[in-house]
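The stops below follow one another, each with something to select and something to look at.

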Amino acid sequence: LGRVEVVVVDDDRSAVYDARELGVLPDAPGDQSASLQAALNEVARSGRAVVTMAPGDYEISSVSLPPGTTLSAAGVRWHRPAFSAATTVSLRLEQQGSASALPSLVEGLTVDGRREQQGAYRDSEQQDAHLVVLEGDAAEGGLSRASLERVHLLSGTGSGLYIGPNAEATVCDLSANELWRDALQLNGGATKLRLRGLNATASQGTGLWIGAHVPGYQDSYHIDVEAEDVQIGAGDVEIETTDASRVEVRRLTMTQPPFRLDVPGGSVRIEDSVLVVGVPSRLHNHWGSIHDVEVARSTIIASETTVEAESEEAREFSAISVSSQSFAFGPSTPGSGRLALQDCRFELAGDVEAGDKVYAVDNADVDAAIVATASKLGAGFVDWFAPACAGCVNAP
């Protein structure tokens with residue numbers, strides 16, 4: 001045995017401030033956004049400071065967290081004032097200019113968007129009124145970097161966490177419910193996301209959207225995503241990749257459709273998951289322009305449920321319906337595609353009726369090799385592959 005000397009340099013926090021001493025008090029009447037913003041701006045001048053908020057309720061319309069600042073808010077609940085502006089964002093984490101921001105941290109915070117007190121929203125009137133927004137400077141290349149830990153987002157007209165271009169996000173133990181759009185929406189290029197632990201429950205909405213319709217610096221649509229331990233209770237799951245992007249998902253559990261995978265470029269890996277897919281439609285429940293997709297040790301459940309219309313007539317559809325239709329932005333990858341199903345199981349949901357004809361896979365018009373290896377087909381399926389399925393092979 002020898003001697004090991006370990007030196008820990010704690011140089012990432014310059015000071016700790018109590019928001020109460022800066023005039024921000026729990027359970028006080030009225031909107032405290034101006035007071036909180038002034039406090040955050042003041043402590044940011046001291047370097048990488050920590051601001052602690054006392055447990056309780058706060059009326060907060062919108063504040064921006066300076067780069068490098070920590071907001072510690074265990075037991076704190078922000079409430080969005082009623083009838084806020086249609087583009088109100090409760091908490092912004094942004095970077096402007098060409099430099100990369102110092103990392104910020106938000107921990108323990110609950111944000112209540114008071115959805116039913118904001119006026120009309122069901123026709124997308126307030127779809128940009130997200131609860132938390134993280135984005136960098138796509139024009140000059142500045143990177144916004146932040147971590148969110150044990151954050152709870154609820155009752156919003158937009159998404160809970162919106163991640164735009166030029167961002168580097170680490171998200172741990174995020175919970176969300178009753179959001180009209182998504183629990184987490186990644187929609188910007190030149191962005192990296194590490195997600196561990198997302199619990200999204202709702203009666204409607206509150207899904208997961210990963211893609212890039214907003215380009216990052218130098219028109220990049222590239223995203224790099226690793227996500228694990230994700231539960232989606234009612235909302236949809238949509239994943240898009242182009243521009244050599246990479247998305248890896250482990251232990252994603254859905255309880256109802258819709259699901260959409262759109263991979264004209266880049267790669268997607270899904271492992272140890274439960275995917276629930278409904279009847280294919282123009283917007284949902286299809287796998288579009290697959291370039292490089294692998295699904296391993298997962299269960300794919302075919303449901304009769306649709307998001308567009310309900311009907312009692314018998315249907316013919318496939319659990320995995322591959323289509324050339326793509327909504328993804330950014331450069332695709334030329335050449336033949338690939339879908340590998342390894343050690344997967346296909347099952348029928350309880351809403352599938354006896355008259356329905358359900359196949360495991362259909363590929364009518366996409367140049368792709370589809371191989372199912374060591375996979376099992378549950379009871380009630382007509383066959384592995386629909387009659388028009390091209391390039392489909394079942395390898396025991």
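Buried means under 20% relative accessible area, exposed means over 50%, and partly exposed covers what lies in between, with a 1.4 Å probe and protein chains only. This is a predicted model, so local features need pLDDT of at least 70 and side-chain atom pairs count only at pLDDT 80 or more, while totals for chains, interfaces and linings use all residues. Residues are numbered from 1 along each chain as its sequence is written, and side-chain values use heavy atoms, with hydrogens and water left out.

**Cysteines**

Select C389 and C392. Both residues are buried, and a disulfide joins them with an S to S distance of 1.9 Å. A disulfide here is a pair of cysteine sulfur atoms within 2.5 Å; by this rule the count comes to one. Which hand does it have? The torsion about the S-S bond of C389 and C392 is about -60 degrees, so the disulfide is left-handed.

C344 is in no disulfide, and the nearest cysteine sulfur, that of C392, is 14 Å away. C344 counts as buried because its relative accessibility is 2%.

**Helix 1**

Select residues 33-44, which form helix 1. Helices are DSSP runs of H or I with at least four residues, strands are DSSP runs of E with at least two, and both are numbered from the N terminus. Helix 1 has twelve residues and reaches 16 Å from its first C-alpha to its last, close to the 16 Å expected at 1.5 Å a residue. The expected span is 1.5 Å times one less than the number of residues.

Now colour S33, L36, Q37, A39, L40 and V43, the buried residues of helix 1. They cover an arc of only 160 degrees around the axis, which puts them on the same side of helix 1. The arc is that of the directions from the helix axis to the C-beta atoms. An α-helix has 3.6 residues a turn, so residues three or four places apart point the same way.

What do the buried residues of helix 1 pack against? Show strand 1 (16-18), strand 2 (50-52), strand 3 (56-59), strand 4 (63-64) and strand 5 (70-79), which are their packing partners. Contact means heavy atoms within 4.5 Å.

Two strands pair if DSSP finds at least two bridges between them. Strand 27 (residues 357-363) and strand 30 run parallel and are joined by two bridges. To look at a bridge there, select V361 and its partner in strand 30, F385.

**T241**

Go to T241, in the loop between strand 16 (237-240) and strand 17 (246-254). Is T241 buried or exposed? T241 is buried, with a relative accessible area of 1%. A polar atom of its side chain lies 2.6 Å from the backbone oxygen of G265. Leaving aside neighbours within four places in sequence, T241 is in contact with V247, D262, V263, P264, G265, G266, S267 and V268.

Select R150, in strand 9 (residues 144-156). R150 is partly exposed, with a relative accessible area of 45%. Apart from neighbours within four places in sequence, its contacts are E107, G108, L109, C172 and D173. One of these, C172, is partly exposed at a relative accessible area of 29%.

Next select R194, in strand 13 (residues 191-201). R194 counts as partly exposed at 21% relative accessibility. Not counting residues up to four places away in sequence, R194 touches A169, T170, V171, D224, V225, E226 and R246. R194 and A169 are 25 residues apart in sequence and 6.3 Å apart in space, C-alpha to C-alpha.

**Backbone exceptions**

Most residues other than glycine have a negative phi, and most peptide bonds are trans. The last selections depart from this.

- Select P257 and P258: the peptide bond between them is cis, with omega near 10 degrees. P258 is in the loop between strand 17 and strand 18 (259-262).
- Select D219, in the loop between strand 14 (207-214) and strand 15 (223-232). D219 has a positive phi of about 60 degrees and counts as exposed at 57% relative accessibility.
- Select R297, in the loop between strand 22 (292-296) and strand 23 (299-302). Phi of R297 is positive, near 50 degrees, and R297 is partly exposed, with a relative accessible area of 41%.

Notes:
A polar contact is a pair of N or O atoms within 3.5 Å; within protein, one must be able to donate a hydrogen and the other to accept it, and residues adjacent in sequence count only if both atoms are side-chain atoms.
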